[in-house]
Amino acid sequence: MELEEFEQGRLIVSVPTRFLKSWIETHYVSKLHKIGEAELGRFDSIHVRVRMRGGVPQRPAADEQAHHAPQAAAVPQPSAIAQAQAVAAAERGPHLDPSQTFDTFVVGSSNQLAHAAMCRVADAAPGAAVSFNPLFVHAGSGLGKTHLLSAVAHRVKEKRPDRRVMFLTAERFMINFVMALRQRDTLAFKDQFAAVDVLLIDDFQFLQGKTMQQEFCNAFNGLVDSRRQVIVAADVPPAQLDSIDQRMRSRLMGGLVVDIEMPDIETRRRILQSRYETMQKRDPSVIIPGEVLEFIANRVTGTGRELEGAMNRITAYQQFNNAAVTLDLASLVLRDMQASPDGTRIKIDDILKIVGRHFNVGRTDLLSPRRARSVVVPRQIGMYLAKKMTARSLPEIGRRFGGRDHSTVLHAVRKIEDQIKTDDGLAREVALLVRLVEQG
C-alpha cells in the first residue's frame, strides 16, 4: 500500500490489485483510519484506489484471473518447473505434531465413527474407489479434530510415501493465496492442488471472502472430480457455515458428515490414563493415585484438552509445593472446574449451612458483627468459598454475610488464599469444605 495524496481532509492510498482494494475496504478501513490519524493528524475520509503503471491499469483482480487465465504470467516459467514447485509445496506442508497419531488417539463412543472414517481414508489404496468424498468432521474445540487430521497425514506418509499430502488451515490457505496475488503467481498456487492426492483442511469455518471461497471451490471440485481425497474439519456442521456459499455447503454435505461429541465417563477415564502414562514416561516422579484420576474424570466433564489441563494443574501444584497428590489436594486445585456447567447451582446459603455445621457456629453468629476468632475464621472461609464457588460479586457476597462491605470480603478472600499456601492443615480443611459444598 502506498500513500498517493493527503489534502483537504482526504487520505488516498493505492494498492496493486482490485482484490486487495476490496479486501482492505471490507476489513481494514477503520483500522487504517486510526493509524493514519496517528501519523498525519485528523482527516475526514479514506479512499483506496488501484495503482496505475504508465497509465495502464494493473492486471485483473484475482477473481477475474481465476475465470480468465492470462496467456502469460508476469514471470513465465516452464510447466515442468511449476509442477515441481507445486509438488514440493504439497510435500512440505505445515509441521505435523509427531504425537498426534492414531496410536495416541483415545477412541470412545463419542468419537468412534469419526475415528473409523479417518482410518478408512488413511488406509485406502491409491486408485481404489473412494467410499466417501469429501469427509467432513465437525466438533467443538479440544475434541480431537486436528489430532485426527494429523493422524491421517502421518498414516498416509508412512504407508504410502508416494502419495502427496497437503495439510492446511483455512487461515494458511488465505495467506498463501494473498501471497500468490502479490507475487503475480496464481497459476503456481493452483498447481499445488493439482499435484495433491490427499487434502486436509482444518478450521474451515474461518474461510472468508467471496474470492477466497471461489478459489477453494475450484481446488475442491478439481480434487473430488478426479477422485482424490478431501477431508475438512470445522467447529460446526456444513449447514451452519453461514459465511460459506450455499453451493459449497451443498458439496460438503454430499460426502460423509460426522461429528465428535463430548467424551463420556469411560472415555474420560481412558484419556486420563493415557495422558498419565505419557507424563510418567517424561517424568517418573509424577505420581497420581487412581482415586485422583477417577475424581478428575468425574469432576471435569469437558474436552480432552480440559482433562489434560486439570492433570497439569495438579502435577504443577505437587511439584511447586512438594506435596503428595491426594483427593483433598485435587479438590482444592480444581475447585473452579465445575462438574456441572451451571455454576449457579451452588448457593451462598448452602455454603453458610455447611461452614456453620463444620465449625459448629450458628448462622446468626456468622452474619453478626462478632469478632471472636471462633467466628471470624469460619466467616472468612465462608466468604472465600462464596467467591470461588459462585458467580456472585463481592458486594453481593458482603450483603449475604450480614451486610458487610465488599472490601471486607476482598480482605477475607486474600487472607485465606495466603494462608492456604503455607498452612497445610487449613488447605486440607478448605478442600474438604469444597467437596462437602459440591456434594450438597
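Student: In this predicted model, which residues does Ile287 touch, not counting residues up to four places away in sequence?

Tutor: Ile287 sits in the loop between helix 11 and helix 12 (290-299). Leaving out residues up to four places away in sequence, the residues that Ile287 touches are Tyr276, Gln280, Gln318 and Val325.

Student: How far apart in space are Ile287 and Ala324, C-alpha to C-alpha?

Tutor: In sequence, Ile287 and Ala324 are 37 residues apart. In space, the C-alpha to C-alpha separation of Ile287 and Ala324 is 8.2 Å.

Student: Are helix 11 and helix 13 parallel, perpendicular or oblique to each other?

Tutor: The axes of helix 11 and helix 13 are 10 Å apart, and the two helices pack at an angle of about 45°. That angle makes the arrangement of helix 11 relative to helix 13 oblique.

Student: What is the handedness of the crossing of helix 11 and helix 13, and how do the residues of their contact divide by class?

Tutor: The crossing of helix 11 and helix 13 is right-handed. On the side of helix 11 the contact involves Arg268, Ile271, Leu272, Arg275, Tyr276 and Met279, and these meet Gly304, Leu307, Glu308, Met311, Asn312 and Thr315 of helix 13. By class, the residues of this contact are six nonpolar, three polar and three charged.

Student: Which residues lie closest to the centre of the largest pocket?

Tutor: The largest pocket has a volume of about 770 Å³. It is lined by 32 residues, and the closest to its centre are Gln100, Thr104, His147, Arg275 and Glu308.

Student: Which helix supplies the largest share of the lining of the largest pocket?

Tutor: Helix 6 (145-159), helix 11 (265-282) and helix 13 (304-321) each give at least two residues to the lining of the largest pocket. By class, that lining has seven nonpolar, 14 polar and eleven charged residues. The largest share, nine residues, comes from helix 11.

Student: Why are helix 7 and helix 9 described as roughly perpendicular to each other?

Tutor: Helix 7 (residues 170-182) and helix 9 (residues 210-225) have axes 11 Å apart. Angles of 65 to 115 degrees count as roughly perpendicular. Helix 7 and helix 9 are therefore roughly perpendicular to each other, their packing angle being about 100°.

Student: Which residues of helix 9 are met by residues of helix 7?

Tutor: The contact of helix 7 with helix 9 includes six nonpolar residues, one polar and one charged. From helix 7 come Phe173, Met174, Phe177 and Val178. Their partners in helix 9 are Thr211, Met212, Glu215 and Phe216.

Student: At what angle do helix 15 and helix 17 pack, and what is the handedness of their crossing?

Tutor: Helix 15 (residues 348-359) and helix 17 (residues 373-389) have axes 10 Å apart and pack at an angle of about 145°. Their crossing is right-handed.

Student: Is the peptide bond from Asn133 to Pro134 cis or trans?

Tutor: Pro134 belongs to the loop between helix 5 (112-123) and strand 6 (135-138). With omega near 5°, the peptide bond from Asn133 to Pro134 is cis.

Student: What is the phi of Asp203?

Tutor: Asp203 is located in the loop between strand 8 (198-202) and helix 9. Although Asp203 is not a glycine, its phi is positive, at about 55°.

Definitions and conventions
Residues are numbered from 1 along each chain as its sequence is written. This is a predicted model: local features need pLDDT of at least 70, side-chain atom pairs count only at pLDDT 80 or more; totals for chains, interfaces and linings use all residues. Side-chain values use heavy atoms; hydrogens and water are left out. Axes are lines fitted to C-alpha atoms, for helices over the stretch in contact, and angles run from 0 to 180 degrees between N-to-C directions. Helices (H or I, at least four residues) and strands (E, at least two) are DSSP runs, numbered from the N terminus. Angles under 35 degrees count as roughly parallel, over 145 as roughly antiparallel, 65 to 115 as roughly perpendicular and the rest as oblique. Contact means heavy atoms within 4.5 Å. Ala, Val, Leu, Ile, Met, Phe, Trp, Tyr, Cys and Pro count as nonpolar, Asp, Glu, Lys and Arg as charged, and the others, Gly among them, as polar. On a 1 Å grid over the protein atoms alone, a cavity is a set of points where a 1.4 Å probe fits but cannot get out, and a pocket is an open set with protein on both sides within 12 Å along at least five of seven lines; lining residues have an atom within 4 Å of a point. Grid points are joined across faces, edges and corners, and a volume is the space filled by probe spheres set on the points. A crossing is left-handed if the near helix is turned anticlockwise from the far one by less than a right angle, and right-handed if clockwise.
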